[in-house]
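My plan was to look at the whole chain, then at one residue.

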Amino acid sequence: MNVIIDTGPWVALIDQSEAKHDECTDWFRRFEGKMFTSEAVLTEVLFLLNFSYPAQSAAIDFVLNGAITIVPLSLESLKTAKGLMRKYANVPMDYADATLVCLAEDLSIVHMVTLDRRHFSIYRLPSKKSFLLLP
C-alpha cells in the first residue's frame with residue numbers, strides 16, 4: 001500500500017508526550033508499504049519538534065533511511081496548490097495540506113495518514129475522490 005503522510009502522525013510517532021503517540025507508533029510498526037510526503041510537511045514536523053535536536057534528527061532520519069520519501073513539487077503542482085488554497089480558503093487549507101493533496105493526485109494515492117480528520121474529510125482530489133483516512 002502507498003500512503004501520504006501528514007504532519008500529525010509523524011510528530012506523534014517521535015514525541016512521546018503527544019496524545020496519539022501510542023496509536024501512531026502501533027500504526028507505523030504494522031504498516032507495510034511506501035510512505036510519501038512533501039517538503040512542506042517535513043518543515044512543519046521539524047518546527048513542531050524544535051524543542052529537541054534529537055527529535056528533529058529522528059524525523060530527518062526517516063527520510064535519510066528511506067522510510068518516508070519526500071517528493072518535490074513541480075511548478076504545475078505549485079499552481080494547483082495555490083488554486084486549492086483559494087478553493088478551500090473558508091476551511092482553511094494551509095500550504096502543507098495543499099501540497100499533500102497535489103502529491104496524492106500526482107501519485108494516484110487515496111490513503112492519507114493524518115490526525116487532521118476535520119480538514120481531510122472535506123478536501124477532495126481533483127478527480128473528486130475523497131481520501132481514505134488512516135490510522
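I began with contacts, meaning heavy atoms within 4.5 Å. Among those in the protein between residues at least 6 apart in sequence, 60% join residues at least 24 apart.

I noted what I was working with. This is a predicted model, where local features need pLDDT of at least 70, side-chain atom pairs count only at pLDDT 80 or more, and totals for chains, interfaces and linings use all residues. Residues are numbered from 1 along each chain as its sequence is written, and side-chain values use heavy atoms, with hydrogens and water left out.

Next I looked up the secondary structure. I found 7 helices and 5 strands (DSSP runs, H or I of at least four residues for helices, E of at least two for strands, numbered from the N terminus). Along the sequence, the pattern reads β-α-α-β-α-α-β-α-α-β-α-β.

I checked burial too. Of the 135 residues, 42% are buried (under 20% relative accessible area, with a 1.4 Å probe and protein chains only). The C-alpha atoms fill a box of roughly 35 × 25 × 25 Å along the principal axes.

Then I turned to one residue. Where is Ser-38 placed? I found Ser-38 in the loop between β2 (34-37) and α3 (39-48). Why does Ser-38 count as buried? Ser-38 counts as buried because its relative accessibility is 3%.

I listed its partners. Leaving aside neighbours within four places in sequence, Ser-38 is in contact with Ile-70, Val-71, Ala-96, Thr-99, Leu-100 and Leu-103.

Key. Buried means under 20% relative accessible area, exposed over 50%, partly exposed in between (1.4 Å probe, protein chains only).
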